[in-house]
Amino acid sequence: MSELLKVSSNPHIRSKVTTSSIMTAVVIALLPAAGFGIYNFGPRALAVMAVTIASTVLTELLFGWLWKKKITITDMSAVVTGLLLALNLPVSIPLWIAAMGGVFAILVVKMLFGGLGQNFMNPALAARCFLLISFPSQMTNFVCDAYTGATPLAALKAGESVNVMNMIVGKTAGTIGETSVIALLIGACFLILIGVIDLRIPGTYIVTVILFAGFFGGHGFDPAYLSAQLAGGGLILGAFFMATDYVTRPITIKGQYVYGVVLGLLTGIFRIFGPGAEGVSYAIILGNLLVPLIEKFTMPVAFGRKAGAKHEK
């Protein structure tokens, strides 16, 4: 009888899912967008990806070696950060700036705060915002051999007409990974099907942006205008691949819906009332900072306790 009773410390329910398996799944899901980026912009896009991934992995490796910490590059999180950063950069970005972004993402945002699981904001997006502030002209230069005009959102903000079908397919200017909605949705569907992400945050985020644009965009609920807002910029990339980051999103179910609404409102404000045409990166970064507050007000009440009741000793 004693052989049938096994006593061990918690957790008592374990999962075969590991950090490396989740990160590998994210890399696989990003391959369609990365592949289309290389097809759309040429070998220079591959060079940017190689530089950002190399800079993130090497920074994490050197940090662990110099500070005698556990080497964690095998969990693939540094690869995901490097690839996401590359997909958020214009193809014309100087490679040394791309490398600087990778170092900033890992060293400043991730490792100095304790490593994976301790960072308070998405490292790739934090690096992109850092580069936007430090090198605005290089980060907003989308002129390349394939495209010479403004991005669709910039043209839309200027009152010009845009080709929504080209935006969906990806035949347009923009960052390396944001142009093809089709490629991004293929990767998003893969993550949803295998259970890595769900639609709570992305769905709420996208619906809020569309509603905000309909009410305040000046075009009403014109399908062409709303489709351009949906397909343009980094909304799909941000909603499915960065707003859903396990570390920087709320853990409560109600909090995830609130988080999606906050991201949608911020993105709408930046896009429609701000000086620029885009706002996904800043919206998610600010949303990350609000996560502790969101979780505080959406934490479920423990069984047997009344909401708002103080704990009595």
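Mentor: Let us begin with a pair of helices: α10 passes α11 in a right-handed crossing. A crossing is left-handed if the near helix is turned anticlockwise from the far one by less than a right angle, and right-handed if clockwise. Helices (H or I, at least four residues) are DSSP runs, numbered from the N terminus. This is a predicted model, in which local features need pLDDT of at least 70 and side-chain atom pairs count only at pLDDT 80 or more, whereas totals for chains, interfaces and linings use all residues. Residues are numbered from 1 along each chain as its sequence is written, and side-chain values use heavy atoms, with hydrogens and water left out.

Trainee: At what angle do α10 and α11 pack?

Mentor: Axes are lines fitted to C-alpha atoms, for helices over the stretch in contact, and angles run from 0 to 180 degrees between N-to-C directions. Helix α10 (residues 200–216) and helix α11 (residues 223–231) pack at about 140°, and their axes are 10 Å apart. Angles under 35 degrees count as roughly parallel, over 145 as roughly antiparallel, 65 to 115 as roughly perpendicular and the rest as oblique; α10 and α11 are therefore oblique to each other.

Trainee: Which residues of α10 and α11 meet?

Mentor: Contact means heavy atoms within 4.5 Å. From α10, Ile206, Ile210, Ala213 and Gly214 meet Tyr225, Leu226, Gln229 and Leu230 of α11. By class, this contact of α10 with α11 has six nonpolar, two polar and no charged residues. Here Ala, Val, Leu, Ile, Met, Phe, Trp, Tyr, Cys and Pro count as nonpolar, Asp, Glu, Lys and Arg as charged, and the others, Gly among them, as polar.

Trainee: How do α3 and α4 pack?

Mentor: Helix α3 (residues 77–87) and helix α4 (residues 95–110) pack at about 135°, with axes 10 Å apart. These two helices are therefore oblique to each other, and their crossing is right-handed. Five nonpolar, four polar and one charged residues make up the contact of α3 with α4.

Trainee: Is Lys68 buried or exposed?

Mentor: Buried means under 20% relative accessible area, exposed over 50%, partly exposed in between (1.4 Å probe, protein chains only). Lys68 counts as exposed because its relative accessibility is 75%, whereas Met76, at 24%, is partly exposed.

Trainee: Which residue does UniProt list as a modified residue?

Mentor: UniProt positions are given in the numbering used here, feature names are shortened, and annotations may be inferred rather than shown by experiment. The unreviewed UniProt entry lists Thr151 for "modified residue: FMN phosphoryl threonine". Thr151 sits in the loop between α6 (136–139) and α7 (152–157) and counts as buried, at 16% relative accessibility. Neighbours within four places in sequence aside, Thr151 is in contact with Phe142, Ala173 and Gly174.

Trainee: Where is Asn40 found, and what does Asn40 touch?

Mentor: Asn40 belongs to helix α1 (residues 19–41) and counts as buried, at 10% relative accessibility. Not counting residues up to four places away in sequence, Asn40 touches Ala146, Tyr147, Gly170, Thr172 and Thr179.
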